[in-house]
Amino acid sequence: MATKSSTLEGPPVTPPKDFSNTFSTSSIPEASKSLRPTLKCGPLIRYHGTDYAINPTCPLWRGSVLVVTEPGASPSLSLWAEHMVDQQDGNAPGRAVGLKLLEEHGRCFWRFGIEIGLGAEEHKIEYTVSFGTAGELKRGFWVPGRNDGMRIMFHSCNGFSVGTDVSDFSGPALWNDVLRVHSGHPFHVAIGGGDQIYNDGVRVTGPLKPWATIGNPFKKRLYEWTPKLDSDIDEWYYNNYVDWYNNPPFSHANSQIPSVNIWDDHDIIDGYGSYTDHFMDCPVFKGIGRIARKYYMLFQHHTPPQGEIQEDICWIIGKTPGRYIEEPSRSVYARLGRRVAFLGIDTRSERTRHMINMPSTYDLLFDRMSRELDTAEGEIKHMIILLAIPIAYPRFVWLENILQNPILGLVQFLNKRFGVAGAMFNKFDGEVDIQDDLDDHYCARLHKHERDLFLLRLQRFSFEKQVRITILSGDVHLTAIGRFYSKTSLCVPVEKDHRYMVNIISSPITNKPPSEAVSDLVAARNKVHHLDASTDEQLFDFFDEDVHGKSRKRNMSTMPARNYSVITESPITQPSDTSNSFTQNTVFGEKNKRRSTNAIGASGEGVGAAHLVAGAEGVVDTAPGALNVVIRVEVNKHDPEGKTFNYGFTIPGLEK
């Protein structure tokens with residue numbers, strides 16, 4: 001295990017001195033400024049996956065590094081590691097020539113593919129990107145041992161919404177806490193759950209402002225997408241990515257912690273895909289969808305917007321293009337250590353107001369998971385599924401009903417004609433401002449049938465493959481822990497319950513959280529819901545103390561503060577039997593004596609702030625092969641160090 005003496009080399013962890021809602025390339029880290037104008041952005045490191053089948057004694061870790069340069073530059077990358085592919089000498093340096101992904105408009109995107117054989121212990125990989133006479137950059141990252149789990153960092157909502165008073169926050173300060181933890185117990189992967197960047201400013205200060213200020217939604221739908229508008233918006237999205245991805249401390253983390261991401265609406269523009277179909281079909285929405293996808297693929301996946309890179313076996317590509325994005329969805333599969341698998345589902349490319357993913361895409365996802373688990377021959381004990389939006393969350397049917405009231409339709413008509421109640425309606429399609437957020441959610445009336453079918457299919461998959469399923473989500477700017485579980489009348493202990501699925505909702509890491517009043521409103525809707533005759537769902541009573549250590553009595557299920565999550569695997573201290581010998585209707589032991597809102601599972605005593613894992617930053621031995629989860633919540637939004645108060649719990653493996 002790494003110690004504080006093994007801190008990675010690289011840029012120092014320092015808070016940004018001047019953070020505002022508008023950035024410029026002056027925010028490039030000091031270590032990179034000497035390379036300008038040669039280096040425009042990077043290095044950014046991405047995790048692709050690990051192949052455990054090719055050589056069980058030396059699994060193959062795959063990743064890539066991206067840099068953006070001026071034309072004419074020919075960067076190169078060299079590595080130093082304990083175990084190098086195709087190297088006889090274990091400590092011999094490797095070297096690679098970058099693949100040029102795209103060159104246009106005075107910039108070049110370079111990708112360096114990396115392959116590393118994993119050894120018996122975790123080890124540090126140092127890499128140097130050289131720009132010839134212009135200079136070089138040295139960075140490092142960590143990979144796990146061949147039989148180890150990964151230390152996982154999970155985050156979402158990494159930016160500020162339009163209209164946020166940014167001066168009220170210390171910028172993206174939680175990334176300083178991420179780097180502090182990383183310096184002592186390095187993260188092997190950072191999972192981005194969507195909204196890694198906020199592109200909404202394109203309609204406020206960017207080239208879409210003239211379109212956004214048009215009051216008539218009909219005229220907006222007919223607005224012409226000209227070559228100049230295309231060029232201006234392309235330039236805006238590129239510059240927004242460069243400015244944000246060059247901004248410390250986020251930029252420091254991006255060069256040291258390999259990432260794997262999916263996208264959500266703000267990676268495109270607020271509410272994308274959840275407005276009315278006839279409005280989403282307009283030229284402007286299709287144009288910004290195409291451009292946003294281009295830079296999402298380049299910056300976040302190191303992949304050209306058109307075409308495929310041969311070694312990217314991580315992709316699960318949809319069969320049919322989305323209605324508005326007009327490209328197939330791209331979900332991601334990867335192993336996060338020997339016994340944990342990961343599936344990041346693209347819930348935005350195919351989205352319409354009435355659908356999140358196509359039925360054929362669900363088939364592809366389950367086929368891939370099934371194939372991977374069969375190939376692993378019982379090694380995989382946990383399947384982590386990433387959804388940008390929560391799937392176990394309180395209902396707001398009452399609010400949806402209000403928004404469908406005919407009286408509100410009259411007010412909407414008066415708004416379109418005379419500007420009445422303008423604050424209630426968004427600037428895109430003239431609908432109620434909160435409507436797109438409600439329609440985004442799995443629990444919305446429009447998506448509930450699709451959600452329920454998906455969950456029941458996950459239950460069956462868990463039962464058949466004997467794998468514990470855990471879901472990660474963001475989007476809602478409140479951290480909470482939802483769960484599905486067999487009804488207590490069935491007397492199924494958590495450790496043996498294939499219906500037991502936890503939804504870790506970790507959001508936001510940077511954006512403004514909602515008020516305590518909104519948090520309390522959500523908590524007030526935290527009722528026991530019934531997925532079917534055998535399954536209930538509810539949020540945990542989890543936040544038993546506030547961030548200052550004082551007892552919380554009124555609302556223990558939602559936390560309105562910036563946060564991120566850390567997930568580690570408890571060491572395997574005893575052999576496990578992977579045989580599947582029980583049936584769905586089997587009753588196990590005595591009736592489960594668990595509180596109706598606080599059933600956590602193995603090592604669940606003292607859940608929350610007092611839990612064993614909340615007080616530690618490294619790997620903690622709880623239950624053999626369980627997942628230990630820590631929610632790290634910001635103590636003071638004005639503190640540039642981003643110090644956190646921690647809450648913990650454990651997700652048990654699925655026993656026979």
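In the predicted model, helix H9 passes helix H13 in a right-handed crossing. The axes of H9, which covers residues 359–376, and of H13, which covers residues 448–465, come within 12 Å and cross at roughly 15°; since angles under 35 degrees count as roughly parallel, the two helices are therefore roughly parallel to each other. On the side of H9, the contact is made by Tyr362, Asp363, Phe366, Met369, Ser370, Leu373 and Asp374, and on the side of H13 by Glu450, Phe454, Arg457, Leu458, Phe461 and Lys465. Sorted by class, the residues of this contact comprise seven nonpolar, one polar and five charged.

The 18 residues of H13 should span 26 Å at 1.5 Å a residue, and this agrees with the 25 Å that separates its end C-alpha atoms. Buried residues of H13 include Glu450, Arg451, Asp452, Phe454 and Leu455, together with Leu458, Gln459, Phe461, Ser462 and Phe463. Besides H9, the buried residues of H13 pack against the strands S15 (382–386), S16 (468–473), S17 (480–486), S18 (501–505) and S20 (535–539). After H13 comes Gln466, which has a positive phi, near 55°.

Helix H5, formed by residues 227–245, has 19 residues that should span 27 Å at 1.5 Å a residue, in agreement with end C-alpha atoms that are 27 Å apart. Among the residues buried in H5 are Leu229, Ile233, Trp236, Asn240, Val242 and Trp244. The partners against which the buried residues of H5 pack are the strands S1 (39–51), S2 (60–69), S5 (99–104) and S6 (107–117), as well as the helices H6 (250–256) and H8 (283–301).

Notes
Residues are numbered from 1 along each chain as its sequence is written. This is a predicted model: local features need pLDDT of at least 70, side-chain atom pairs count only at pLDDT 80 or more; totals for chains, interfaces and linings use all residues. Side-chain values use heavy atoms; hydrogens and water are left out. Axes are lines fitted to C-alpha atoms, for helices over the stretch in contact, and angles run from 0 to 180 degrees between N-to-C directions. Helices (H or I, at least four residues) and strands (E, at least two) are DSSP runs, numbered from the N terminus. Angles under 35 degrees count as roughly parallel, over 145 as roughly antiparallel, 65 to 115 as roughly perpendicular and the rest as oblique. A crossing is left-handed if the near helix is turned anticlockwise from the far one by less than a right angle, and right-handed if clockwise. Contact means heavy atoms within 4.5 Å. Ala, Val, Leu, Ile, Met, Phe, Trp, Tyr, Cys and Pro count as nonpolar, Asp, Glu, Lys and Arg as charged, and the others, Gly among them, as polar. The expected span of a helix is 1.5 Å times one less than its number of residues. Buried means under 20% relative accessible area, exposed over 50%, partly exposed in between (1.4 Å probe, protein chains only).
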